[in-house]
Amino acid sequence: MKTVKLSLLAGLLAAGAMPAFAQDLALGLKSEATSMDPQFHQLSTNIQVHKNIFETLTTQDAVQKVGPGLASEWEAVDDTTWRFKLREGVKFHDGTDFTARDVIYSFCRVPHVENSPSPFTIYTATVTDITAEDDHTVIFKTENTNPLFPAEIWSIAIVSADSLGAEDEVVFGPQGACEGMGDIPQAPAFNDPAIAVGTGPYKLDTYTRGSELVLTRFDDYWGGTPDWERVVMRPITSDGPRVAALLAGDVDMIESPPIQDIARLEAADFKIVDALSNRIIYLALRQEEGAPSIEGTDGKNPMMDVRVRKAISLAINRDAIAERIMGGYAQPAGELLPPPMFGSSGRPVDSYDPDAAKELLTEAGYPNGFTMTLGTPNDRYINDEQVAQAVAQMLARIGIQINVDASTASQFFSRRNALEFPIYMAGWGAASGEMSSPLKSLVATFDAQTGMGPTNAGRYANPEMDKVLLQAMSTIDDTERDRLLQEAGTMVLDDYGIIPLHFEQTVWAMKSGLDYEPRVDQYTMASEVKPAN
Amino acid sequence: MIVYLVRRFGQSLLAVVAMAVLVFMGVYAIGNPVDVLISPEASQADIAAATARLGLDKPLWQQFGIFVINAFQGDLGTSFVYGRPALDIILERLPATFELAMVALFLSVGIGVPLGVWAGMRPESIAGRTIMAGSILGFSLPNFWQGMLLILVFAVLLGWLPAGGRGQTTEFLGMQVSFLTLDGLSHLILPAINLALFKMSLLIRLTRANTREVCLQDYVKFARAKGLSGRRVVLVHILKNIMIPVVTIIGLELGSMLAFAIVTETVFAWPGMGKLLIDSINLLDRPVIVAYLMLTVLIIVMINFMVDVIYSFLDPRIRLSEMKG
């Protein structure tokens with residue numbers, strides 16, 4: 001009797017737990033969006049969710065090639081002027097038409113977003129004027145020549161001027177001095193679907209913080225009827241439970257399954273897709289005198305010597321790291337962006353040659369090597385601490401004794417920015433999808449005034465390279481810019497200013513009935529998940 | 001009685017003040033939030049602007065001063081990550097944790113105490129030994145691993161229950177609860193068991209030890225000799241006398257379940273306060289961390305205060321001795 005009751009209960013519960021409709025898509029994400037305001041926090045977790053609801057003038061496809069979005073075409077009128085032709089017949093979720101006024105309002109709102117932890121103003125600050133030629137043509141003027149403008153405005157979501165209470169005429173003024181903005185709703189207001197109105201394929205339904213985010217299909221979407229009636233996104237932060245949720249059928253697709261579980265998922269008939277990401281894992285070397293935590297060199301910084309830097313690069317067996325530690329889900333890197341992305345030169349990966357490395361060290365005057373501390377996060381990149389440990393062992397073979405100092409990401413980044421490490425491992429994802437992104441942030445000479453080299457905590461400085469890079473960053477012509485970026489990248493790598501290790505591969509696991517084109521920017525975009533057939 | 005309560009209350013207040021200082025200093029020591037929050041593409045000027053906006057450019061004593069002044073007005077700061085009052089964000093998560101903790105408490109008391117009494121009355125029987133062996137398992141298996149195993153068996157292999165999340169909720173007494181719907185209940189069972197197992201084992205062992213001790217007391221023997229029914233002996237003479245340590249433990253454990261159901265909430269993706277704390281620590285969302293810890297300190301201090309009050313009802317000696325002092 002007891003067993004009958006038990007199995008009856010179990011049956012009932014199982015029925016309750018089943019996913020309801022075939023037209024539903026449930027995603028298990030590793031982190032949760034912090035706000036529904038697409039202009040609040042510049043964070044990949046937020047962006048990948050917002051892109052289902054809000055659209056942008058331009059788009060970036062799975063390999064970050066810039067394409068038309070809400071703007072059907074655009075042209076550079078002169079070095080600082082862009083004309084964008086807006087798509088006609090686009091409707092917002094509330095049925096109103098999308099016009100130039102919404103574009104001006106959206107760009108105007110960015111500096112007015114309060115309490116933003118990481119504002120989008122870094123993309124709008126250099127816009128000096130926006131005017132509407134007519135309802136579907138917008139002219140942008142920028143302070144300097146900025147060839148990346150179409151790629152960068154992929155970050156500025158277009159919100160609805162009507163739903164946010166703008167006046168009938170919105171006039172642009174630089175740095176947020178716009179007119180006709182009305183009372184600007186702040187980030188918390190966007191939990192309300194009546195405020196979070198976009199033009200995207202899905203509408204916001206409910207957002208229960210910590211629990212789930214539900215989107216529903218927008219039937220009047222200009223790009224055709226979206227595939228799913230309803231999309232549910234659940235934050236499942238720990239790896240094990242996220243895999244379990246997929247195995248148990250709670251969700252249809254998860255991002256970043258741990259590498260060690262992939263074989264098991266494949267055996268259980270789940271589909272795995274993976275792609276090279278734009279994220280480079282690199283070693284940065286402190287190239288200034290007075291670097292801390294170096295011993296056995298009489299107070300000198302050996303990494304000022306290019307031979308020592310080259311020795312470090314040659315001592316690392318990148319194939320072994322990719323194969324054994326990353327389980328094959330990484331590709332050894334020869335430069336800062338995977339070829340054939342924009343600005344990459346196809347430079348071959350440095351070969352593994354510990355003997356040559358040892359000779360270089362002897363030549364440089366360190367036959368017995370030296371000792372230093374390697375900083376690394378232990379919860380930020382795939383298997384980060386293990387990779388750092390492997391690098392330490394490989395360097396020990398040529399006589400450089402490394403103490404690995406691994407800490408949680410929040411600690412690591414603070415200490416890294418305080419220049420506490422003579423050598424550190426970190427990663428960089430190129431948001432714009434071209435070489436100028438890593439070059440500008442990681443190796444351009446640090447300058448607080450001009451904003452160059454913000455993440456260059458190795459303080460590498462190469463004025464020649466800076467010149468070529470600056471020239472590239474103000475060249476609109478794609479062929480010429482590509483050439484200049486390749487040149488700048490080669491200058492840094494010939495100088496061993498930074499040591500690329502590998503590109504991470506991003507992995508998604510899903511039910512066999514689904515299909516997803518993996519993105520290099522590592523975003524999980526519900527609107528791009530398709531039923532396979 | 002009043003003196004006793006006033007003195008206990010004063011002690012509680014002192015604990016809260018000491019914790020405020022400790023928590024604030026501790027959180028201040030772990031990393032700079034701006035380094036974590038801001039986009040890596042941001043320039044030095046952007047970083048400086050963000051630092052000033054979050055009030056992090058002020059010296060520590062000023063930040064603490066502002067925190068204390070605001071705290072007295074019921075404002076525990078604005079979350080860096082969500083841009084909303086930290087207390088609101090935490091209170092939004094409180095019902096989920098509260099429900100989970102209550103169900104777990106109900107399970108552990110409802111199962112743990114009777115089993116403990118049983119094992120204490122018949123320590124040498126097979127049932128008694130089995131209960132004890134089981135409690136050792138419940139004790140020694142790590143919480144995280146237990147949770148994963150529950151998911152593996154009931155969600156992945158058998159497919160009876162969902163692997164995580166909270167499921168459907170309905171409004172009950174102004175709170176969103178999930179135990180009133182089948183879907184919600186099915187989401188609640190595994191995490192509640194996971195959270196309850198350890199406490200249950202603790203209660204079994206505690207109750208058993210006390211029962212064995214009390215069973216040998218003269219008044220129990222006398223009650224039996226008087227010919228009272230076994231039921232009355234257990235319920236009145238034994239149970240009432242083992243309640244003091246049990247109530248203490250229940251109080252402490254309720255506090256810890258509310259404040260630190262973190263492991264269970266993480267494993268089962270349960271949208272409670274514990275998971276919020278972990279997320280906030282990862283993002284160095286200082287106001288939320290501080291507000292969370294202050295709130296849990298308050299909860300635990302309050303529960304202990306109530307336990308002290310209940311004591312004085314259960315044991316007249318406490319009441320009487322404190323009256324004199």
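**Buried helix, helix pair and chain contact**

Modeller: Among the elements covering the buried residues of H8(A) are strand E12 (271–285), helix H10 (354–363), helix H11 (384–397) and strand E18 (498–510) of chain A. Helices (H or I, at least four residues) and strands (E, at least two) are DSSP runs, numbered from the N terminus. The model is predicted, so local features need pLDDT of at least 70 and side-chain atom pairs count only at pLDDT 80 or more, while totals for chains, interfaces and linings use all residues. Residues are numbered from 1 along each chain as its sequence is written, and chains are lettered from A and ligands numbered from 1 in the order in which they are written.

Colleague: What makes helix H8 of chain A largely enclosed by the rest of the structure?

Modeller: A residue is buried if 20 or more other C-beta atoms, placed from the backbone, lie within 10 Å of its own, exposed if 12 or fewer, and partly exposed in between. In H8(A), Val308(A), Arg309(A), Lys310(A), Ala311(A), Ile312(A), Ser313(A) and Leu314(A) are buried. Because 7 of the 9 residues of H8 (residues 306–314) are buried, this helix is largely enclosed.

Colleague: Why are H1(B) and H13(B) called roughly antiparallel?

Modeller: The axes of helix H1 (residues 2–29) and helix H13 (residues 286–314) of chain B come within 10 Å and cross at roughly 160°. Angles over 145 degrees count as roughly antiparallel (under 35 roughly parallel, 65 to 115 roughly perpendicular, the rest oblique), so H1(B) is roughly antiparallel to H13(B). The crossing of H1(B) and H13(B) is right-handed, a term for the near helix being turned clockwise from the far one by less than a right angle.

Colleague: Which classes of residue make up the contact of H1(B) with H13(B)?

Modeller: Residues of H1(B), including Phe9(B), Val16(B) and Phe24(B), meet residues of H13(B), including Leu293(B), Val301(B) and Phe305(B). By class, this contact has 19 nonpolar, 2 polar and 3 charged residues. Ala, Val, Leu, Ile, Met, Phe, Trp, Tyr, Cys and Pro count as nonpolar, Asp, Glu, Lys and Arg as charged, and the others, Gly among them, as polar.

Colleague: How many residues of chain A and chain B are in contact?

Modeller: Two residues are in contact if their C-beta atoms, placed from the backbone, lie within 7 Å. By that rule, 45 residues of chain A are in contact with 49 residues of chain B. On the chain A side, two or more residues each come from helix H1 (2–17), strand E10 (230–235), helix H6 (239–247) and helix H12 (409–417). The residues of that side divide into 22 nonpolar, 18 polar and 5 charged.

Methods: Axes are lines fitted to C-alpha atoms, for helices over the stretch in contact, and angles run from 0 to 180 degrees between N-to-C directions.
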